[in-house]
Amino acid sequence: MGQRFVQLLDGHPDFEVAAVTASEDSVGEDYRTAAKWRVDTPIPEDVAELTVRATEPDAVPDDLDLLFSSLPSGVAERVEPAFLEAGYVVSSNSSNARLDDDVPLVIPEVNPGHLEVIDVQRENRGWDGALIKNPNCSTITMVPPLAALDQFGLERVQVATLQAVSGAGYSGVTSMEIIDNAIPHIAGEEEKMETESRKLLGAATAEGVDWHGAEVTASCNRIPTIDGHLENVFVELAEEPSLEAVAEAFREAETQDLPSAPDPLIHVFEDSFRPQPRLDRTVGDGMAIAVGGIQETAAGIQFNVLAHNTIRGAAGASILNGELLSREGWI
């Protein structure tokens, strides 16, 4: 994930990578050596020559405006507060603290107003920094279409995911496990989808966030695709919109005037055989949400949704949150 951050920040109009940090095993090496570069574009030369620093406040420059975090959650829950107490603003992809009442969990096109919770966070925790989280990669795939449908009274959601192996990290799933196979459980993933989605769709208050009242049930599965999480979503609504009205709601979903924001946010396929991970994961440069297969069911509406899990679902989401923080004056 760190390599995706470096890749997506290369040539960014507003941000420049000034420091990279890692575990003690890599400290002192140049980033080119430490990274063992694996993503599908050349390593940016200016970053390749940076010396890897320790992941602690005293080891990074004082004048950094924004830190991006993609640490394992167990490390992040220990490391991130140290940077926050030192006054840094952190846009984090790590899963720790996502559900804390005073930590904004944000998709800029869905709930940008939740940044107001930073004031609550600073008052509660007594630090000058600010922590903002983006959601889990499977949650961020599903929530923008749900937000578009909430105008019809979102009441109940059921989702079954078909998630790519890159979501588990480079060595997270062995070839012997996944080739010619599907794994019908991803530890912790279902709970993340069921909780994070309701927080994202909720309303910011003076105390934190009031979660949305919809019931959300998830079944998460790993399949042998490299990138791109495909999800089958079933929703029950208070109203009974036509299929045309549903498709139009998706098409009209608001985007943001930010460098990494896609336009449109949601790409709607008329072809019932789309979206497909291999064909459609890079729609909108990997930052858009692809929807297709919209149909009526006995209980409501069903659709299929796809997003690139390491771009829109992770590094790209954190960068987009960083852009929102910058535009709104938090950095």
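Predicted model: local features only at pLDDT ≥ 70, side-chain atom pairs only at ≥ 80, totals over all residues.

Reply: Residues are numbered from 1 along each chain as its sequence is written, and side-chain values use heavy atoms, with hydrogens and water left out.

Me: At what angle do helix H6 and helix H9 pack?

Reply: Helices are DSSP runs (H or I, at least four residues; strands are E, at least two), numbered from the N terminus, and axes are lines fitted to C-alpha atoms, for helices over the stretch in contact, with angles from 0 to 180 degrees between N-to-C directions. Here H6 (residues 137–149) and H9 (residues 243–251) pack at about 120°, their axes being 8 Å apart.

Me: Which residues in H6 and H9 meet?

Reply: Contact means heavy atoms within 4.5 Å; on the H6 side there are Pro-145, Ala-148 and Leu-149, which meet Val-246, Ala-249 and Phe-250 in H9.

Me: Where are the cis peptide bonds to Pro-264 and Pro-275?

Reply: Most residues other than glycine have a negative phi, and most peptide bonds are trans. A cis bond joins Asp-263 and Pro-264, with omega about 10°, and Pro-264 lies in the loop between H9 and strand E11 (266–268). The bond from Arg-274 to Pro-275 is also cis, with omega near 5°, and Pro-275 sits in the loop between E11 and helix H10 (277–280).

Me: What is the phi of Asp-180?

Reply: Although Asp-180 is not a glycine, its phi is positive, at about 60°, and this residue belongs to the loop between helix H7 (175–178) and helix H8 (189–200).
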